[in-house]
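Dear colleague,

I am passing on the structure that we spoke about, and below it you will find my notes on what turned up. Please read them with the model open beside you.

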Amino acid sequence: MKEKYIPAPEVEKVAMELIAKYHPHLAEAKIAYVFKKDSWSKNGKWILGSAHKCSEKEKLLHGYDFIITINRDSWMLFTEDKREAVVDHELCHCGKSEDGKYILVPHDIEDFAAVIRRHGLYKDDVRQFSMAIRQVSLFDTKPELRVIGGSE
């Protein structure tokens, strides 16, 4: 049987740097990093990665708080900057509640461009996201956020 998942130590290396810089709440978290080797897409779009919060049963079996899975095909094509962005995105899903429990954090925004075009910034999360985008110059080479291509 062909292996579908393999360890991803290069992802872990990137993640350790990002945790130290942006995600100190994850310093004590036990996170497994794996590559998914098969083609990985949904609705015609590449899935770049996913973050999974382990259940108590899973944690009993393997000890991890989270599992981050990265699309190996995309990883092999991406620049270092884009790899960092993908890993940072998945780490943003790994949160910690006020009572110290690890949680899975949803995206800041979920909407359709067409709805925003038709109705404007009608929701608080859409307005906040719009402000964040405005703070980034599309032509800067190394701002906190940058245009990195594609339509992920």
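**Fold, core and an aromatic pair**

Read from the N terminus, the elements of the protein follow the order β-α-β-β-β-β-α-β-α-α-β-β-α-α, which amounts to six helices and eight strands. Please keep in mind that this is a predicted model. Of its 152 residues, 28% count as buried, and among contacts between residues at least 6 apart in sequence, 60% join residues at least 24 apart. The accessible surface comes to about 10800 Å², and 55% of that belongs to carbon and sulfur atoms.

The largest nonpolar core has 24 residues, and those with the most contacts inside it are Val11, Leu26, Ile31, Tyr33, Ile68, Val87 and Leu91. Two or more residues each come from helix H1 (9-22), strand E2 (31-36), strand E6 (66-71) and helix H4 (80-92), with H1 giving the most, namely five. If neighbours within four places in sequence are left aside, Val87 is in contact with Val11, Val14, Ala15, Leu18 and Trp75.

The count of aromatic pairs comes to three. In one of them, the ring centres of Trp46 and Phe78 are 6.3 Å apart and the planes stand at 85 degrees, so the pair is edge-to-face, the cut-off being over 60. Because Trp46 lies in strand E4 (residues 45-46) and Phe78 in the loop between helix H3 (72-77) and H4, the pair ties together parts that are 32 residues apart in sequence. Phe78 is buried, with a relative accessible area of 13%, whereas Trp46, at 37% relative accessibility, counts as partly exposed.

With best wishes

Terms used
Residues are numbered from 1 along each chain as its sequence is written. This is a predicted model: local features need pLDDT of at least 70, side-chain atom pairs count only at pLDDT 80 or more; totals for chains, interfaces and linings use all residues. Side-chain values use heavy atoms; hydrogens and water are left out. Helices (H or I, at least four residues) and strands (E, at least two) are DSSP runs, numbered from the N terminus. Buried means under 20% relative accessible area, exposed over 50%, partly exposed in between (1.4 Å probe, protein chains only). Contact means heavy atoms within 4.5 Å. Accessible areas come from the Shrake-Rupley method with a 1.4 Å probe; for residues, only the protein chains shown count as cover. A nonpolar core is a set of buried Ala, Val, Leu, Ile, Met, Phe, Trp, Tyr and Cys residues joined through side-chain atoms within 4.5 Å. Rings of Phe, Tyr and Trp (its six-membered ring) pair if their centres lie within 6.5 Å; planes under 30 degrees apart count as stacked, over 60 as edge-to-face and the rest as tilted.
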